[in-house]
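Morning, everyone. Let me put the structure up, and then we'll walk through the strands.

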Amino acid sequence: MASAKKLPLQERVPLARTAWKLADLAVLSLLLALLARRAATLLAGAAPSCTWCWLAALVCEAWFTVVWLLNVNGKWNPVRFDTHPERLAERIDELPAVDMFVTTADPKLEPPAVTVNTVLSLLALDYPAGKLACYISDDGCSPLTLFALREAAEFAKLWVPFCRKHGVSVRAPFVYFSSAGPERGGAAGGEFQRDWTAMKSEYEKLASRIENADEESLVRRGAGEFAKFVGADRRDHPTIIKVLRDSCREGDGTGVPSLVYISREKSPRHHHHFKAGAMNVLTRVSAVLTNAPVMLNVDCDMFANNPQVALHAMCLLLGFDDEVHSGFAQAPQKFYGALKDDPFGNQLEVIYEKLGFGIAGLQGMFYGGTGCFHRRKVIYGVPPEPTTDVQQPTRMRGSPSYKELQKMFGSSKELIESARGIISGEMFAAAASADLSSRIDAAKEVSSCSYEAGTSWGQEVGWVYGSMTEDILTGQRIHAAGWRSALLNTDPPAFLGGAPTGGPASLTQYKRWATGLLEIIISRNNPILQCISRRLELRQCLAYLVIDVWPLRAPFELCYALLGPYCLLANRSFLPKASEPGFLIPLALFLTYNVYNLAEYMECRLSARAWWNNHRMQRIVSCSAWLLAFLTVVLKTLGLSETVFEVTRKEQGQGAAPDGGGDDGADPGRFTFDSSPVFVPPTALTILAVVALAVGAWRAVAGAAAAGGGPGAGEFVCCGWLVLCSWPFVRGLAGGEGSYGIPWSVRIKAGLLVAAFVHLCTRN
């Protein structure tokens with residue numbers, strides 16, 4: 001036992017990056033050379049015919065240089081954390097309890113079958129069952145979700161023992177049974193094959209019951225556990241809490257953890273704060289029921305792919321000499337059955353492997369909203385000890401009084417007492433053993449709409465309100481308090497989920513992220529302010545800005561994209577001519593930057609096609625989702641609009657037809673469209689680039705270009721590259737059928753924008 005304790009549970013391993021650092025500096029040098037050349041040209045008054053074009057280009061290129069510096073800072077010192085769960089074998093009794101949270105919001109966009117598979121994978125983790133409890137937040141207030149979970153609780157009595165008996169590696173049934181059948185030989189293999197066949201049959205029955213369940217018929221019964229759904233509206237209903245399984249009370253020997261369903265109270269008179277509000281209700285309800293010192297949260301489609309993920313996480317939470325180094329442990333988001341070559345640019349593999357490992361070497365990985373193990377006391381706003389942070393609320397220093405706790409956590413005596421135990425720092429408190437059903441009234445009290453009024457919830461305690469990206473904001477608050485975080489990168493991956501397919505779902509996701517990030521930038525939670533007044537380290541602040549500035553990139557990138565078409569239409573130029581020495585700088589920068597990015601994808605074992613798809617999607621996202629997010633937040637700031645949380649459609653498998661494409665021959669990797677405003681700007685930009693190329697080519701052939709000051713090869717390359725990046729929109733305009741074609745409403749709006757721009761370019 002003594003020797004086992006001496007062996008480290010985790011190791012922090014710095015990763016060599018010398019060649020990449022040289023490449024970073026090479027790109028930076030070219031950017032600075034471009035800025036210097038352009039500034040010198042402007043100061044000398046030598047800009048050909050269109051001074052404002054060169055000035056706009058200078059501003060945009062200066063912005064691109066800042067963005068590059070932010071990225072270099074984030075990538076500069078990568079590390080990985082190696083974990084050793086086998087060294088916990090003799091310390092199983094010392095492991096802390098874990099409360100697991102699963103959130104779902106819409107049974108149509110997030111089918112109950114998807115949620116059920118995630119829940120079953122969590123219930124079957126390799127961890128003491130008495131120290132696990134699973135809570136599901138249903139913001140859709142759907143009897144279908146409750147029915148599916150009730151059925152899953154019964155199936156789990158068969159599934160969990162089967163997984164542990166046979167060492168099943170992937171414990172989400174739909175993944176496990178979609179793979180090849182049993183192949184074990186010998187006597188043991190015969191028993192396994194019989195068990196496998198029987199279990200698959202039981203799962204198919206479960207899936208059939210869930211698929212065939214009808215919400216109206218469930219509510220029409222109006223009895224038993226579905227009585228509370230009679231007359232309930234998803235936006236206006238009382239709290240519904242059902243204990244579907246209590247592992248302490250049901251000592252049936254199956255080893256299935258507790259399972260609790262929660263649909264928090266909703267009222268039109270109260271703001272429910274989207275996912276952040278749901279997470280805070282889960283935190284409070286679990287506090288009065290089981291009060292585990294560690295909490296895991298996952299999205300409803302993010303199943304546990306590694307059954308030892310909780311043990312790996314404990315290696316990080318328990319493996320440092322000082323707990324300040326592991327305020328939370330975040331797993332990278334990876335995807336099951338993802339489409340080949342990432343056609344929609346949302347699998348984020350290179351971002352996690354390059355930027356994620358680099359940020360892990362600073363103050364720690366960002367909180368990503370799913371696949372994260374939290375210390376409950378960190379979520380409660382407790383700072384690491386000792387603290388000299390003058391901005392930290394004084395009531396969180398030392399042992400707060402009952403009145404201070406009441407002001408922070410609310411009036412519930414049960415919640416206050418549970419919080420007192422957590423704040424005292426007891427990491428290895430035994431899991432609650434009382435009957436969970438006896439505490440339902442206390443759980444309903446802390447999940448009411450009005451409970452948070454006058455408390456610190458959503459500000460200093462719990463998930464932070466004020467942004468649609470509550471995950472980034474909450475993680476930033478934790479880092480600003482002085483905590484660090486650790487990257488939980490296991491083999492096989494800890495969790496796997498589903499990446500959206502189709503244009504509408506992908507751009508909706510990016511728009512929601514960008515909206516929330518800009519809300520952070522313009523708020524008092526801006527990372528720059530947190531760096532100045534709190535304990536957010538400077539380089540970590542800059543790392544947060546890498547993603548926080550996503551929506552701010554939109555106007556600069558759109559402006560730069562418009563310069564090429566403008567110059568071709570107005571017979572102007574914003575780049576040096578190919579015959580001039582200065583032309584070599586933008587040419588070298590263009591080639592070096594793209595080769596650099598391609599090399600990153602190659603090193604991450606991805607194809608050149610994956611690089612191109614991601615490069616293309618970044619251009620599309622910038623002028624669509626990021627641009628609309630920017631305008632949405634500007635209108636909200638002016639009081640002219642409100643942000644709306646848009647749920648992304650979840651699919652159980654990635655081979656399903658994309659949005660709106662129900663044909664048997666549908667191509668899930670092909671871009672799809674709908675009439676959303678998000679498609680108008682990129683459609684207009686595509687039409688504009690094609691028109692500009694045609695006009696520029698006609699002028700070149702007819703010899704009508706302005707002498708000396710007209711467009712050159714650089715402007716043609718810019719427009720041509722823009723058309724290539726917008727190729728899905730070219731195909732959509734060229735006559736794609738159904739969801740593969742751009743709707744006429746979008747074409748007309750885009751055409752009007754193009755006509756206005758062309759008129760602006762050609763007027764005297």
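Buried here means under 20% relative accessible area, exposed over 50%, and partly exposed in between, with a 1.4 Å probe and protein chains only. Strands (E, at least two residues) and helices (H or I, at least four) are DSSP runs, numbered from the N terminus.

The ground rules. This is a predicted model: local features need pLDDT of at least 70, side-chain atom pairs count only at pLDDT 80 or more, and totals for chains, interfaces and linings use all residues. Residues are numbered from 1 along each chain as its sequence is written, and side-chain values use heavy atoms, leaving out hydrogens and water.

Start with strand 2, residues 79-83. Which side chains are buried? Val79, Phe81 and Thr83, which point to one face.

Strand 2 runs antiparallel to strand 1 (residues 10-14), with 5 bridges between them. Arg12 sits opposite Phe81. Two strands pair if DSSP finds at least two bridges between them.

Val294 has Arg375 as its bridge partner.

Last stop: Asp299, in strand 7. What does Asp299 touch, leaving out residues up to four places away in sequence? Val102, Thr103, Thr118, Lys275, Gly369 and Thr370. Contact means heavy atoms within 4.5 Å.
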